[in-house]
Amino acid sequence: MRIKQLLSAAIATVCIAGLAACGSGQAETGVTDTKANKGLSTIGTTVKYNPNHLVNGGKPITIDYWTWNGTGDTALPSFKKYSKIHPNVTIKRHDATWDDYFTKLPLQLRGKNGPALFAVHNSYDSVLSPYMAAYDIPVKDLQKDYIGVKQHVKDGKIYYIDSIINTGIWYYNTDLWKKAGLTDSDIPKTWDDMRVVAKKLTKTNASGKIVQAGINFNGTGEYNAMWQGMNYQQGVLLFKKDGTTVNYNNAATKKTLNMIKAFYEEDKSGSANFGTDAQKSFGNGQTAMIYQWGHFAIDLKQKYPKIKWGQFAPPLVTKGTTPMAYDRYNGESTPGINKNARPDQQAVAQDIMKYLLASDDLCKTTALNFGSVPAKRTLDSDKQIQAMPAYKVIHPIVNRLIWPGPVPSTLESTSQKVFENIFYNKKSINEAVASGQQTMQTDLNNLSSKFTSLESQYKYFDEAKSE
């Protein structure tokens, strides 16, 4: 899951730190830093950064940084702090839309004049990893400071890690909740509870037409992510134990789709025809509960500031059990370093990343923005982090969240098509799921770089059901 920050122009360039002139091909101008001893303390716990040194010999240098997140990119505040320490370093932001980013960026990374730093999304790992330089930081040091480092190790090296542990949670409209006579004690613990609560949150008019949905899976209702967590709860992996064969066509997948049918067709607490976008419906106060990831908290604050909402953890399929995993997680990735950049640019990029990973700022900013658990362990004692509703929901189950690796996007895009085929094109669940399985596997087989699941590295992998 990720934020799509659509910009008015496909590519835009902005200087975000330092004083050097913007524009490719211009001579390096700006401040020359002559003060090696900044009088500052060393930053960090295990990964440490001593700011008392000159970067690039103190000579002005501009580092290009590509992102699809525009001004919302959570690395930007840390970049500004870095350039305040090292005023000879300018970090120049280049914006691309999500739809353009993973096509245009690789073309830039091929040459020595490409950006030295770039935003990473792990679902495009196979596209970006050929251009990445490993961090000049010992893996063992990163493992002491951060959750989930092991899964990112390639040939004994790290090229990016997670800044946060992001997962799916349920958002509910607290005003609608109160009007329905519900209290905190009614927070659903199981899917049977969800059906009861969803009915109470549903309103219809005199003709029986839904005017307020108790629950909504339509469009951006995130079925395409939710089914993965539902399968994990039932002890079913996303991939066969060979790690390369998709495991979508199974009883667990069908159980989830039949459950959605029960909400819509038996309980009438939602409908495939109640709008096409669950996020907008929730934001407009027409839907009471939807499943989303952390980015939705940002959307609510920006687009629907009047809506009052709360969050709760994914309900269990089976009451009173500890599932193999509550859901999958996916980290927001730290920036990548371009291995084809000029040596002086790479050296500065390495210094920037050491600062970002030693400091708490990047993880804290990202966690607060996304409403998620920071991957940096020291932040578990941070009062501002502890006060976040999402942290209270996710942190107790974080050890029972599984990361299957940088899963190719077909698992989400194809499963969304399966949903549409069932609820709009009236295909049978068996037919739609079988077709989805075939499409996913074909897409994986056609990848330029073979994908292998990391599910086997999960601590509770042995609890998975046999195939």
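1. Angles under 35 degrees count as roughly parallel, over 145 as roughly antiparallel, 65 to 115 as roughly perpendicular and the rest as oblique. The model is predicted: local features need pLDDT of at least 70, side-chain atom pairs count only at pLDDT 80 or more, and totals for chains, interfaces and linings use all residues. Residues are numbered from 1 along each chain as its sequence is written, and side-chain values use heavy atoms, with hydrogens and water left out.

2. Helices H7 (residues 223-233) and H15 (residues 410-423) have axes that come within 8 Å and cross at roughly 100 degrees. Helices (H or I, at least four residues) and strands (E, at least two) are DSSP runs numbered from the N terminus; axes are lines fitted to C-alpha atoms, for helices over the stretch in contact, and angles run from 0 to 180 degrees between N-to-C directions. H7 and H15 are therefore roughly perpendicular to each other. On the H7 side the contact (heavy atoms within 4.5 Å) is made by Tyr223, Asn224, Ala225, Trp227 and Gln228, and on the H15 side by Leu411, Glu412, Ser415, Gln416 and Phe419. These residues divide into five nonpolar, four polar and one charged. Here Ala, Val, Leu, Ile, Met, Phe, Trp, Tyr, Cys and Pro count as nonpolar, Asp, Glu, Lys and Arg as charged, and the others, Gly among them, as polar.

3. H15 also packs against helix H8 (residues 251-266), at an angle of about 45 degrees and with the axes 12 Å apart. H8 and H15 are therefore oblique to each other. Leu257, Ile260, Lys261 and Tyr264 of H8 meet Val418, Phe419, Ile422 and Phe423 of H15. This contact has seven nonpolar residues, no polar and one charged.

4. Helix H1 (residues 76-85) packs on helix H11 (residues 343-358) at about 115 degrees, the axes being 10 Å apart. That makes H1 roughly perpendicular to H11. H1 contributes Ser78, Phe79, Lys81, Tyr82 and Ile85 to the contact, and H11 contributes Val348, Asp351, Ile352, Tyr355 and Leu356. The division is seven nonpolar, one polar and two charged.

5. There are two cavities of 30 Å³ or more. A cavity is a set of points, on a 1 Å grid over the protein atoms alone, where a 1.4 Å probe fits but cannot get out; lining residues have an atom within 4 Å of a point. The second largest cavity holds about 40 Å³ of space, volume being the space filled by probe spheres set on the points. H7 supplies the largest share of its lining, four residues. The lining includes Trp170, Trp191, Met226, Met230 and Asp327, and divides into eight nonpolar, two polar and one charged.

Definitions and conventions
1 Å grid on protein atoms, 1.4 Å probe; cavity = no way out; pocket = protein on both sides within 12 Å on 5 of 7 lines; lining within 4 Å.
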